[in-house]
Amino acid sequence: MTQMTVTTRHPSYAVITLDDDGKVTPADLPSSLRTVFLDGINTLLVDVSRLQRFSSDTVAALLYARREATARGGRVVLHAPNRRCAALVARSELGRLFEVDTTSTLPSPWRHP
């Protein structure tokens, strides 16, 4: 079960935190992300440090986010995946689709809107 929270908004990017406290399905996430993209944001930093694993719903939601960001000339960066999630990204096609930031703190310019 995954919950999405937009923690930072900037005119060109947003920081989104995913955690295991709730449930986001592919059917629910597009409406949540649509608002972000309609605000003109084209790049997402997705903080996945609180996820224990990538569920199929989470992967589907990340793929949706990538498709929408890419269509707007942006990108999706996965921030601070744990070893299990990083291993999945590395051995799957996800490693070709997403940039991965393995630092433990949000890199600049992501920290401040």
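This is a predicted model: local features need pLDDT of at least 70, side-chain atom pairs count only at pLDDT 80 or more; totals for chains, interfaces and linings use all residues.
Local features need pLDDT of at least 70 and side-chain atom pairs pLDDT 80 or more, whereas totals for chains, interfaces and linings use all residues. Residues are numbered from 1 along each chain as its sequence is written, and side-chain values use heavy atoms, without hydrogens or water.

**Overview. The protein chain has four helices and five strands.** Helices (H or I, at least four residues) and strands (E, at least two) are DSSP runs numbered from the N terminus. Their order along the sequence is β-β-α-β-α-β-α-α-β. Of the 113 residues, 44% are buried (under 20% relative accessible area; exposed is over 50%, partly exposed in between; 1.4 Å probe, protein chains only).

**View 1. Ser 55 lies in the loop between β3 (43-50) and α2 (56-71).** Ser 55 is buried, at 15% relative accessible area. Its side chain makes a polar contact with that of Thr 58 at 2.9 Å (N or O atoms within 3.5 Å, one able to donate a hydrogen and the other to accept it; residues adjacent in sequence count only if both atoms are side-chain atoms).

**View 2. Arg 72 forms a salt bridge with Glu 68.** The closest N and O atoms are 2.7 Å apart; the term requires a side-chain nitrogen of Lys or Arg within 4 Å of a carboxyl oxygen of Asp or Glu. Three salt bridges are counted. Arg 72 is partly exposed, at 35%.

**View 3. Glu 99 forms a salt bridge with Arg 75 at 2.8 Å.** This pair links distant parts of the chain, 24 residues apart: Glu 99 is in strand β5 (residues 99-101), and Arg 75 is in the loop between α2 and β4 (76-79). Glu 99 is partly exposed at 39%, as is Arg 75 at 36%.

**View 4. Glu 93 forms a salt bridge with Arg 96 at 3.9 Å.** Glu 93 is exposed, at 52% relative accessibility. Arg 96 is exposed, at 70%.
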